[in-house]
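Please keep the sequence and the structure in view while reading.

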Amino acid sequence: MQPTIALKVDVDTFAGTRDGVPAMLDILARFGIRATFYFSLGPDNSGKAIRRIFTRKGFLKKMLRTRAPSVYGLRTLLYGTLLPPPQIGARCREVIKRTEDAGHEVGIHCWDHVKWHDLLPWMPKSVVAMELGRASAIYEEILGHRTRTVAAPGWTVTADSLEVQDSLQLDYCSDARGRAPFYPVWEGRRFRTLQIPTTLPTTDELLGEKGITAQSLNDHLLSLIEPGLNVHTIHAELEGKATVKLFVGLLERLKEKGARFVTLAEVASESKNGAPSCSICMDEIAGRAGKVAIQGEPVA
């Protein structure tokens, strides 16, 4: 069976939007591939993520293992602390418009990436709604239509965030890690927005783990590709900048294998009617500091 690959591109930072996305657009155009891009649209407060050293077990080890300072750059690591945070959507309108004009699907990642990723469990529902509302407003201002999809930063969800997403009448979300499209059930409570989970580990989860190097990364990823749907989350800051050569090599080898590339919207269209309801919870996975939303077992 021919493997199907959906590329989900998370864009977390100002530099990733300004520099990484244009590079990715050129690469994807060269291969004739359409992807689904999720943009952070508010302030880049990346510097505030330093507090994860004290709140997330393994965060410092991951930062060192993935060489985060060289990947993200010094300015990005100071935004929101010693340097004022740039407003990503306001300053990168043309990049976001170019992405959609090139035929890619464009969705909302968040308003403030670090705030959502680090503080969501403590946010009142009204604040969650405000975060997505502010992102939705600038999205519509830039592209002239409302979003059809959202992907939570760091695969971080709560019952309130799932409820707010339901209220937006989205076609689908991509907030979880798992096996296949499903409708989420959180502690017995069912939600109606389809979830399309990431099925493969990300580059930053793999590099430096269990002997995986830049030279062996693509071999390992290709060994995980299964017949049917594979959703691969990539990052503009990595695949569009620091690991761009590895990304090109991966696409070359996938094309050689005859892989079919689709957007997440196409996956949603094909999956909506037959997707099961499955539990969803926050738990740990290998290679990532902190918990992520994970697809559980089917729920009758």
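Strands (E, at least two residues) and helices (H or I, at least four) are DSSP runs, numbered from the N terminus. In a regular strand the side chains alternate between the two faces of the sheet.

The model is a predicted one, in which local features need pLDDT of at least 70 and side-chain atom pairs count only at pLDDT 80 or more, while totals for chains, interfaces and linings use all residues. Residues are numbered from 1 along each chain as its sequence is written, and side-chain values use heavy atoms, with hydrogens and water left out.

Which strands pair with strand 6? With strand 11 (residues 277–284), strand 6 pairs in the parallel sense over three bridges; two strands are said to pair if DSSP finds at least two bridges between them. Strand 7 (residues 189–190) runs antiparallel to strand 6 and is joined to strand 6 by two bridges. Val 185 has a partner in each of these strands: Ser 279 is its bridge partner in strand 11, and Arg 190 stands opposite Val 185 in strand 7. Strand 6 and strand 7 form a hairpin with two residues between the strands, and in this hairpin Glu 187 takes a positive phi near 50°.

Ser 277 also belongs to strand 11. Not counting residues up to four places away in sequence, Ser 277 touches Tyr 183, Val 185, Arg 190, Glu 297, Pro 298 and Val 299, where contact means heavy atoms within 4.5 Å. The side chains of Ser 277 and Arg 190 are joined by a polar contact of 3.2 Å. A polar contact is a pair of N or O atoms within 3.5 Å; within protein, one must be able to donate a hydrogen and the other to accept it, and residues adjacent in sequence count only if both atoms are side-chain atoms. Between Ser 277 and Leu 229 the C-alpha to C-alpha distance is 18 Å, and the two are 48 residues apart in sequence.

## Strand 9

Strand 9 (residues 228–235) is mostly covered, with seven of its eight residues buried. Strand 1 (residues 3–11) pairs with strand 9 in the parallel sense over eight bridges. Asp 10 has His 235 as its bridge partner in strand 9.

Helix 10 (residues 159–167) has buried residues at Ala 159, Ser 161, Leu 162, Val 164, Gln 165 and Asp 166. After helix 10 comes Gln 169, whose phi is positive, near 55°.

How many salt bridges does the structure hold? There are 15, each defined as a side-chain nitrogen of Lys or Arg within 4 Å of a carboxyl oxygen of Asp or Glu. The table lists examples.

| Salt bridge | Closest N to O distance |
|---|---|
| Arg 18 and Asp 19 | 2.9 Å |
| Arg 288 and Glu 205 | 2.6 Å |

Glu 163 is partly exposed at 26% relative accessibility, and Arg 189 is partly exposed at 37%.

Arg 288 forms a salt bridge with Glu 205. This pair links distant parts of the chain, 83 residues apart: Arg 288 is in the loop between strand 11 and strand 12 (291–298), and Glu 205 is in helix 11 (residues 203–206). Both Arg 288 and Glu 205 are buried. Salt bridges that share partners join Arg 177, Asp 204, Glu 205 and Arg 288 into one network.

In the remaining pair of the table, Arg 18 is partly exposed, with a relative accessible area of 42%, and Asp 19 is partly exposed, with 32%.

## Cysteines

The structure holds zero disulfides, a disulfide being a pair of cysteine sulfur atoms within 2.5 Å. Cys 110 is buried, with a relative accessible area of 1%, and Cys 173 counts as buried at 0% relative accessibility.

Key: Buried means under 20% relative accessible area, exposed over 50%, partly exposed in between (1.4 Å probe, protein chains only).
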